[in-house]
Amino acid sequence: MNRAALESAIMLRLVAQPISSLADLQKALQNAVRLEHSTIPPYLTALATLSGDSPSVRYARQVIRDVVIEEMLHMTLACNLLNAIGGHPEIAVAGFVPTYPHELPMGVAGDLVVHLKRYSKALIEQTFMKIEEPEIPLDIPVKPAALARAASPTITIGQFYAAIRTQIVQNGSRIFTGDPSLQVTGFFLGPGENIAVTDIDSALLAIETIVEQGEGTPKSPMDLQKHIAHFYRFQQFSKGMRIVEDASSHIKVSFDPVQPLTIDDAADVIQMVDDPPLVTYDKVDWRAEQLSVECDASYSKILRALHRGFNGKPEKVNDAVGAMFEFKTVLGELLQQKLNAGPHVGLFAGPRYKFAP
Amino acid sequence: MSYLHPVRLHLSGRFRADVSTVNNDPKHFDNAHFSPDFQKPGADRTNGWWQPAGTGAWRLLDCHVTRAYRLDGSAASSRNEDVAVGLAVREAADRSSAKIVDLDPHQQGVSMIFGLALRLMDDQGHELVHGELEPVAFFDLNFARSSAGGPSGASAYFQSILKNVEWGDVAASPCLAQMKQVSSERTLSIKLITDQYIMSGQQRGYGRITGTLGPYFYGEPRTFIIGRHLAPPHQNQFSPVDCRVDIERRKVLIDVGNSLPIDPITGDFLNSGELTLAAADGAGATAIGPLDYTSDGNYSRTAGIYELPAGRALTDAELAMVTNKPLHLLARQQGATSADVIVAENDDGAYVRAERFVFRLDPGASAIAELIATKFGVPFAGATAQVKAEPFTLPENSPLPMLAIDSKTDANGRTKLTITAVDPGTPRTFIDGQVYAISFSLQESPTDPSKFDPSNFISLLMFSAVTAPLAPGWNDVHPILEQYSNLYPRPHGPNLYAPFTGLPPSHPVVNLNDYDSVAEFARHIAWALDLPIDHPSHMPVTRDLSGAKRALLLKWLREVGADGKPKRIGAIAAAAPATVRATLAVDKPTPKFAAQAFKARLDLTRHQPADGV
């Protein structure tokens, strides 16, 4: 398979953005920041509801966690790109977090409405794999048919970043007017991940990292998972098998039936209500409501610390990380609140990700 | 002058103290005999007590400004009168929550708030005031505040300063504009009173907070007021009361906020009879009361601060009396012909207090606790302070800290007490160091300050010296981390943690008892260990790790092996660090105060279970 075919086959799709000026470029990068963030709440929610401790569940937690951290890295690099060309990432504003259930920014995943739900095989298949769905999913390990590209009004996220790349190259070094001290580095230390964007070369490197991680080029056998596109990482839980390296497969990987993944949607998962932002708790569930408020406040602190971190105080990103650890404890406690009354009695409370002042 | 000033605002709301209770039992510090059951809730003092999943987080909730006072003594109770009224009082917007922390399992009576930033916000999201609370422990813990019983009936106060204050546009609020104008630069005085803390059911871990924000004046103590201090003359249900005579305005400001009994149902002051402030000695008395404290919502709107006499100024004669004679707060029950003294100033008007009263010291380290003496509210110069240290807990013969004190108080009534820590060894075996009470008194005054007010002494945690290996491995740091993993299971306990029966298990952030988990989070742990103690993300949350052990952990976390991870196996060679050994003669002075005074306080823990879980 050639690279272009691979790219078209495995990338997210989104509505084309006209990018023909510096202002467009800044707008596109702000959209990229929002986009990279927007899948974190649904993924994080599913991750936090995985309460079991079997090897399959632990594996699932690791897979989802890796995806979330990659989205965080991409968000960071998009902010660095935006700052490098004189823009200012807007993170601590009410509209930044989608109000779930909601469509994703820029029409990613079409008109798919993304909900906040507990982990389930159905959620993996009907939401996560849809969010990350390639135009033509590869059938692993079956040799794919000819990958003809269908006519579509949408572009891939790879093409979206390619347009950004083109605009950067066309504008040349004159657009790198941003203050270099605004660059955030030192938080992601993987190869090609710790990038201060100050010129064309570093900008292209940042874009390449985002795109390549999204594509999931399987280039490191030692670290296979991190180089498989998100769609296929999630597909493991739909198929119920791990993806492994396989020299006999033309794409070097295949699902392995002797490494089954078994997750019980009931026993391994906290039975959280669907879409907590739409739920009004009964008065007797005082603690569920209170902890929801604290959870919103905690998430908002992360966003606010990130906003300051990407707008002149890079050291505040440390505080964002500290707040993330606290968020995990608040979220964990919220998910232990069993509802005593109302239409969802017997289910557990969940996070709303509502921006709090 | 501090918060007890004509220009002040009152605030009211709730707080959450998500304290951990596994560490309430000293036996739980013993790794060798730790049972997983200690991480489960237990009725009374069993298992991990009532909140084993506590994280130490302290949060301010639903808190608002209820009333604003201005220089002319006028009060605004609505936004129309002063836009400060109704402002939201919130914690920091962009970092983790503040923490509440005991000094030690053997001294749980000075729980301290670290890392709290406060913001006054209008409903447009504008920040009008932002400041950072200088960490402070509570004072005057009173378990008899209301008839609710146990901690729900208890109350205590935190007085400190907000530093690095940043002001928004406060021109529209006379109260805030005046406060900004009169206060020393970028500093404010604050007092927070906590009560109605609940230890079971849906509202477990939540309580009520009431407070006062006012100006701070350079040079005044940060944790108490230079003023008049009244305490119960005998055992009763009242706590000490502070007053300040405003000579210029011919008024007395009295603060009964942490003292008067509370109705457990309404949360307002109970009717304790007609309360009158009087200046009195054997020769006569002048009453300048009464206090108007019984109307609805009085406590939340006034925080218990009243100006006397109401509606007029003190006469020359009255002013002379209140300035020079002991103040008494009298209660006369309906129909009674005489009044009872509920709190009173010392007959000689003398009062001495330590500005900073909680210390954590490594062997060899020194700190200064300034003692400030006053007499009828003015500096007591030339007084001789006496100090004495004794261990809070057994063994009695634990090595004592070195205490050095200036011979006499200066013109400001101040004298420096220098506390130098020695290596106490490990008298408590599996709990680091030893904890001490340092009491003080004035030779010139017969009154025992810690009897006048049982909170009035210094608490000191003196850490043990550690012989650190040159190249530490997991085996060197594991026992330290294991103890934290045992005691604080939600943030860093076992991989799968299910404290409450019938609820789904949760997964702590990091399992400190597991090499791989610690290695994975090594960078973040090192960051948190290196933060200043007043940063809310400082590790450990409990602020009970010695400098030597901290250095050991940081060395281990940072000197990684070829695989980029901290080393599983260290080198055997060890180097003994220079430490101050307890070589001085431990010449215990004849105790002026009974040691039992401190031992008895061990029962006054804020973690006492109310009614199980």
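Two residues are in contact here if their C-beta atoms, placed from the backbone, lie within 7 Å. Take Ile113(B). Beyond its neighbours within four places in sequence, Ile113(B) is in contact with Trp58(B), Ala98(B), Ile100(B), Leu133(B), Pro135(B), Val136(B) and Phe158(B).

Some housekeeping. This is a predicted model: local features need pLDDT of at least 70, side-chain atom pairs count only at pLDDT 80 or more, and totals for chains, interfaces and linings use all residues. Residues are numbered from 1 along each chain as its sequence is written, while chains are lettered from A and ligands numbered from 1 in the order in which they are written.

Now, chain B overall. Chain B has 10 helices and 30 strands. Helices (H or I, at least four residues) and strands (E, at least two) are DSSP runs, numbered from the N terminus. The radius of gyration of chain B is 25 Å, close to the 25 Å from the globule rule for 613 residues, so chain B is as compact as a globular protein of that length. That radius is taken over C-alpha atoms, and the rule is 2.2 Å times the number of residues to the power 0.38. The C-alpha trace spans about 80 × 60 × 45 Å along its principal axes. Of the 613 residues, 54% count as buried. Buried means 20 or more other C-beta atoms within 10 Å of the residue's own; exposed means 12 or fewer; partly exposed is in between. Of the contacts in chain B between residues at least 6 apart in sequence, 71% join residues at least 24 apart.

Next, the domains. Their bounds come from an automatic or database domain assignment. Chain B divides into domain 1 (1-19 + 54-225), domain 2 (227-345), domain 3 (350-465 + 586-601) and domain 4 (474-558). The centres of domains 1 and 4 of chain B, over C-alpha atoms, are 30 Å apart. Their contact takes 12 residues from domain 1 and 12 residues from domain 4. On the domain 1 side, strand β5 (residues 98-101) of chain B gives the largest share, three residues.

One strand in detail. How many residues of β13(B) are buried? For this strand, residues 206-215, the count is 10 of 10. Strand β1 (residues 8-18) of chain B pairs with β13(B) in the antiparallel sense over eight bridges. Pairing needs at least two DSSP bridges between the strands. Phe15(B) stands opposite Gly207(B) there. Strand β12 (residues 188-195) of chain B also runs antiparallel to β13(B), joined by eight bridges. Leu188(B) has Pro215(B) as its bridge partner.

Back to the core. A nonpolar core is a set of buried Ala, Val, Leu, Ile, Met, Phe, Trp, Tyr and Cys residues joined through C-beta atoms within 7 Å. The largest has 156 residues, and Ile113(B), Ile254(B), Ile438(B) and Leu460(B) have the most contacts inside it. β2(B) gives the most to this core, seven residues. A second, separate core of 97 residues includes Val33(A), Ala46(A), Ile131(A) and Phe327(A).

Now a residue in β21 (340-344) of chain B: Ala344(B). Is Ala344(B) buried or partly exposed? Ala344(B) has 19 C-beta neighbours inside 10 Å, so it counts as partly exposed. Beyond four places in sequence, its contacts are Leu230(B), Pro233(B), Pro326(B) and His328(B).

Last, the chain interface. The contact takes 25 residues from chain B and 26 residues from chain A. On the chain B side, β2 (57-69), α6 (489-492) and α8 (522-529) each give two or more residues.
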